[in-house]
Amino acid sequence: ASRSPGSPGAVAAPTQASAPGRQPHAAWQSRVSAECYTSHQGIDYRGFVNVTARGVPCQRWTADAPHESKFKTDGYSQRGIGNHNYCRAPGTWSYCAWCYTMEPLLEWDCCDVGMPADTCVWNPSPPPPPSLPPLAPPPHGLP
C-alpha cells in the first residue's frame, strides 16, 4: 500500500546532512539561485533536484508510469508542476519537497533540497528603478 506525503505512517522528511556535498546551513541562508526557497514545507521550491533523498530517480509529473500522478499541470502549474521530474511540494498538506519515483515499489519519496533560507535573492536581480529628476520647488505662494 502506498502512502501520500503527510499521511499517517509516512516517512519523516530527510535532513540536509543526508546528502553528500551539501553546503552548511549558514551558506544556504544567503544562497543566490533557483535552489533557494523559504518555506519549511518546500512549497516554494523551484529548483532542479530530481532524485529522492535515497537517490531514486524521480518520475515526470505528467507521466502515469510507474505511478499514476495525481498532480497534473492543469491546476498545479502555480505550484511548479510541469513536464519535468523536479521535486516539488504541490499539495497544501506537503511537509517536504517530494516526487513520484521511478521505483515501482516506492510511489513517492521526499527529496533533499537543502535547508530553507531566511530570504532569497534571485539571480539575475531585477534592474534598479530608474532615477527620477529632483522635484521642482512648489510654485510661489504654495506650501
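The secondary structure of this predicted model comprises two helices and two strands, taken as DSSP runs (H or I of at least four residues for helices, E of at least two for strands) numbered from the N terminus. Along the sequence they follow the pattern α-α-β-β. Residues are numbered from 1 along each chain as its sequence is written, and side-chain values use heavy atoms, with hydrogens and water left out. Local features need pLDDT of at least 70 and side-chain atom pairs count only at pLDDT 80 or more, whereas totals for chains, interfaces and linings use all residues.

Of the 143 residues in the chain, 36% are buried (under 20% relative accessible area, 1.4 Å probe, protein chains only).

A search of the whole structure finds four disulfides (cysteine sulfur atoms within 2.5 Å). One of them joins Cys36 to Cys120, with an S to S distance of 2.0 Å. Cys36 lies in the loop between helix H1 (25-28) and helix H2 (73-76) and Cys120 in the segment after S2, so this pair ties together parts 84 residues apart in sequence. Another joins Cys58 to Cys99 at 2.1 Å; this link is left-handed, with -70° about the S-S bond.

Conventions
Buried means under 20% relative accessible area, exposed over 50%, partly exposed in between (1.4 Å probe, protein chains only).
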